[in-house]
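Hi everyone, thanks for making time for this. I'd like to walk you through one chain and what can be read from its atoms. Have a look at the sequence and the structure first, and then we'll go through it together.

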Amino acid sequence: MRNEAKVVAITGASSGIGEATARRLAADGHRLFLGARRTDRLDALGREIEEAGGTAAFRRLDVTDAADVRAFVAAARDRYGRVDVLVNNAGVMPLSPLDALKVDEWDRMIDVNVRGVLHGIAAALPLMRAQGGGHFVNVASVGAYEVSPTAAVYCATKYAVRAISEGLRQESDGTVRVTLVSPGVTESELAEGISDPAAREAMKTYRAVALPASAIAGAIAYAVAQPAEVDVNEIVVRPAASAQ
């Protein structure tokens with residue numbers, strides 16, 4: 001299915017859900033602007049999309065740097081003339097029990113998972129209002145609805161993303177749409193960032209049944225494809241064979 005072409009900027013686009021979303025939205029005919037720290041991967045992904053007949057460009061992006069996020073959104077606008085959709089996808093998940101006192105990892109999750117989303121909103125919201133419309137797709141987690149051992153801080157950041165998304169939706173006059181997408185266990189590199197041995201081992205069982213990243217990309221594509229008067233607010237996607 002090919003939809004009305006939109007300009008879509010995606011953070012955390014170098015792997016996992018972000019990469020899969022880029023491929024899916026490019027196949028749907030949208031023009032993409034990709035951001036992540038690993039520019040070699042962005043370059044390879046962009047080339048793949050272009051060779052398949054799609055449109056994609058990229059810029060190195062650190063979502064913890066507000067100025068860098070502003071520059072990223074501005075670069076997307078300069079290249080394509082507007083930004084219709086911002087997918088706030090970048091995230092990290094270094095799980096550990098609280099008594100492990102991994103304060104640096106807590107801070108990193110807050111910086112990427114919460115501040116990164118806020119930086120995206122701050123950069124794109126004025127542009128979307130000025131151009132008369134836009135759409136934020138914020139990627140959270142089932143951890144935005146429930147808390148599990150070793151995941152207290154991670155879940156707190158995702159609860160925050162859920163609250164920020166709902167607040168933004170309520171403050172919108174209807175021209176700026178807001179979608180929260182909350183994946184269950186999904187194939188990604190997130191678990192590779194877990195330094196705590198016990199939490200890392202527990203993830204092997206927890207992630208035994210996982211969705212492909214393309215399943216989440218499909219949910220995002222569905223929300224993006226809706227007409228301007230339809231605002232898909234929340235989508236939770238879990239593996240059918242798992243309670244997680």
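Predicted model: local features only at pLDDT ≥ 70, side-chain atom pairs only at ≥ 80, totals over all residues.

Let's visit two of them.

The largest cavity has a volume of about 60 Å³. Around it you find Arg162, Ser165, Glu166, Arg169, Val178, Thr179, Leu180, Asn233 and Glu234. Two elements give two or more residues each to this lining, namely helix H5 (152-171) and strand E6 (176-183). Which of the elements gives the largest share? That is H5, with 4 residues. If we sort the lining of the largest cavity by class, we get 2 nonpolar, 3 polar and 4 charged residues.

The second largest cavity has a volume of about 40 Å³. Its lining consists of Leu125, Arg129, Leu168, Glu171, Ser172, Asp173, Thr175 and Val176. Here the elements that give two or more residues are helix H4 (103-131) and H5. By class, the lining of the second largest cavity divides into 3 nonpolar, 2 polar and 3 charged residues.

Now let's step back and take in the whole chain. It has 7 helices and 7 strands. Reading from the N terminus, the order is β-α-β-α-β-α-β-α-β-α-β-α-α-β.

What about the overall dimensions? Along its principal axes, the C-alpha trace spans about 50 × 40 × 35 Å. For 244 residues, a compact globule would have a radius of gyration near 18 Å, and the chain, at 17 Å, agrees with that. Of these 244 residues, 51% count as buried. Here is another way to look at the fold: take the contacts with a separation of 6 or more, and 70% of them are between residues 24 or more positions apart.

A pair of aromatic rings is described by the distance of the centres and the angle of the planes. In this chain the count comes to 1 aromatic pair. Its partners are Phe33 and Phe72, with 5.3 Å from centre to centre and 45° between the planes, which makes the pair tilted. Why does this pair tie together parts that are 39 residues apart in sequence? Because Phe33 lies in strand E2 (residues 31-36), whereas Phe72 lies in helix H3 (residues 66-80).

Next, a few residues in loops. Most residues other than glycine have a negative phi. Leu101 is not a glycine, yet it has a positive phi of about 55°. You'll find Leu101 in the loop between strand E4 (85-88) and H4, where it is exposed, with a relative accessible area of 60%. Thr150 also has a positive phi, near 75°. Thr150 sits in the loop between strand E5 (134-139) and H5, and at a relative accessible area of 27% it is partly exposed.

My last stop is Val209, in the loop between helix H6 (197-206) and helix H7 (213-225). With a relative accessible area of 35%, Val209 is partly exposed. How far is the C-alpha atom of Val209 from that of Gln131? They are separated by 43 Å, and the two residues are 78 apart along the chain.

That's my tour, and I'm happy to go back to any part of it.

Conventions. Residues numbered from 1 in each chain as written. Heavy atoms only, no water. Phe/Tyr/Trp six-rings, centres within 6.5 Å; stacked < 30°, edge-to-face > 60°. Rg over C-alpha atoms; globule rule 2.2 N^0.38 Å. Buried < 20%, exposed > 50% of the residue type's maximum accessible area, 1.4 Å probe, protein only. Contact = heavy atoms within 4.5 Å. 1 Å grid on protein atoms, 1.4 Å probe; cavity = no way out; pocket = protein on both sides within 12 Å on 5 of 7 lines; lining within 4 Å. Points joined across faces, edges and corners; volume = space filled by probe spheres on them. Nonpolar A, V, L, I, M, F, W, Y, C, P; charged D, E, K, R; others polar.
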